[in-house]
Amino acid sequence: MKVYIACPASAVSGGAELLHQFSQSLTMRNVENYMLYYGNTGDCPTPERYRKYNVRIAEQYVDEEDAVLVLPEVGVHEAQRCKKGKAAIWWLSVNNYIMCYREKFTTTFDIFGIANQKNALQFVQSQYAKDFLEKFFKIKEVYFLSDYINDEIMEHARTNQMPRQNICLYNPAKGLANVEPLIESSRDNITWIPLQGYTPAEMADLMCQAKVYIDFGGHPGKDRIPREAVVCGCCVITNREGSAQNDIDVPIDSTYKIEDVSNIPQVLEKIYDVIDHYDERTKDFETYRKHVSEEKDQFEKEIDQFLQVCSSF
């Protein structure tokens with residue numbers, strides 16, 4: 001088997017890191033695999049942060065019977081290149097698929113007919129994506145291929161726990177319009193810190209000091225930052241969009257999932273409760289933390305299933 005992994009060149013994101021982690025895991029199993037970068041590849045399309053995964057690069061996909069072309073959801077249109085080989089479509093983000101192809105949608109989301117492409121396999125990173133495929137594509141054969149928090153974050157979570165401060169973290173790239181009114185109206189003894197411009201180690205240090213992480217974004221998949229935050233000891237408060245709708249991708253008590261994030265007093269009341277009673281409220285997230293700590297082992301099992309499915313399909 002020869003696996004080609006399509007990935008945007010020089011991209012630094014949760015999805016891009018996952019594609020590099022996947023390559024490393026295949027290499028450790030002695031499975032021949034290559035990153036197939038697209039976009040402006042430049043001199044070195046592998047971001048410096050991901051060079052530790054020691055990936056190999058191919059210039060193009062070679063369609064052979066033993067070839068598998070792994071495509072993130074924004075590359076679904078490339079599945080048609082697989083005539084002899086197999087296309088493995090990996091749904092890392094439902095929302096990115098919709099945004100990428102929305103101008104082409106008419107009466108169906110399946111604009112490329114992948115539900116009927118016999119050599120196309122569907123893998124999902126989240127329950128949210130699985131539900132999406134089953135509902136709108138009527139695809140029943142869907143396999144999980146999730147992800148895990150990188151080892152650097154996990155090591156910080158294990159060794160760098162510090163006295164908790166009245167810090168509320170947020171991701172300014174997601175749901176900022178819903179966060180700014182909270183910052184303006186909140187108590188003076190709360191420090192609000194946007195998670196932007198930090199290295200993974202620096203982010204982990206902040207998460208090991210903060211009491212709360214809020215995420216009012218679209219949750220296009222099983223997002224990494226909430227999992228990084230919770231494993232580092234933060235309490236997590238979300239809205240009910242995207243993957244946060246279900247209790248599999250974001251397994252926190254429903255009281256920490258805000259129905260109406262525009263209700264500023266209600267949201268602040270929840271944040272204050274966590275800030276003021278952190279030692280008690282943090283216990284509510286032990287199940288979530290345990291789940292995150294087990295994700296790497298689960299991912300390795302899912303890769304074994306990936307290889308088995310691709311070999312026997």
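## A buried pair

E17 is buried, and so is R224, where buried means under 20% relative accessible area, exposed over 50%, and partly exposed in between, computed with a 1.4 Å probe on protein chains only. The side chains of these two residues, E17 and R224, meet in a salt bridge with an N to O distance of 3.1 Å, a salt bridge being a side-chain nitrogen of Lys or Arg within 4 Å of a carboxyl oxygen of Asp or Glu. Because E17 lies in helix α1 (residues 14-28) and R224 in helix α7 (residues 224-231), the pair ties together parts that are 207 residues apart in sequence; helices (H or I, at least four residues) and strands (E, at least two) are DSSP runs numbered from the N terminus.

## Basis of the model

This is a predicted model, in which local features need pLDDT of at least 70 and side-chain atom pairs count only at pLDDT 80 or more, while totals for chains, interfaces and linings use all residues. Residues are numbered from 1 along each chain as its sequence is written, and side-chain values use heavy atoms, with hydrogens and water left out.

## Other salt bridges

The structure holds 20 salt bridges, including one between K2 and E64, whose closest N and O atoms are 3.7 Å apart. This pair links distant parts of the chain, with K2 in strand β1 (residues 2-8) and E64 in the loop between β2 (32-38) and β3 (67-72), 62 residues apart. K2 counts as buried at 19% relative accessibility, whereas E64 is partly exposed at 30%.
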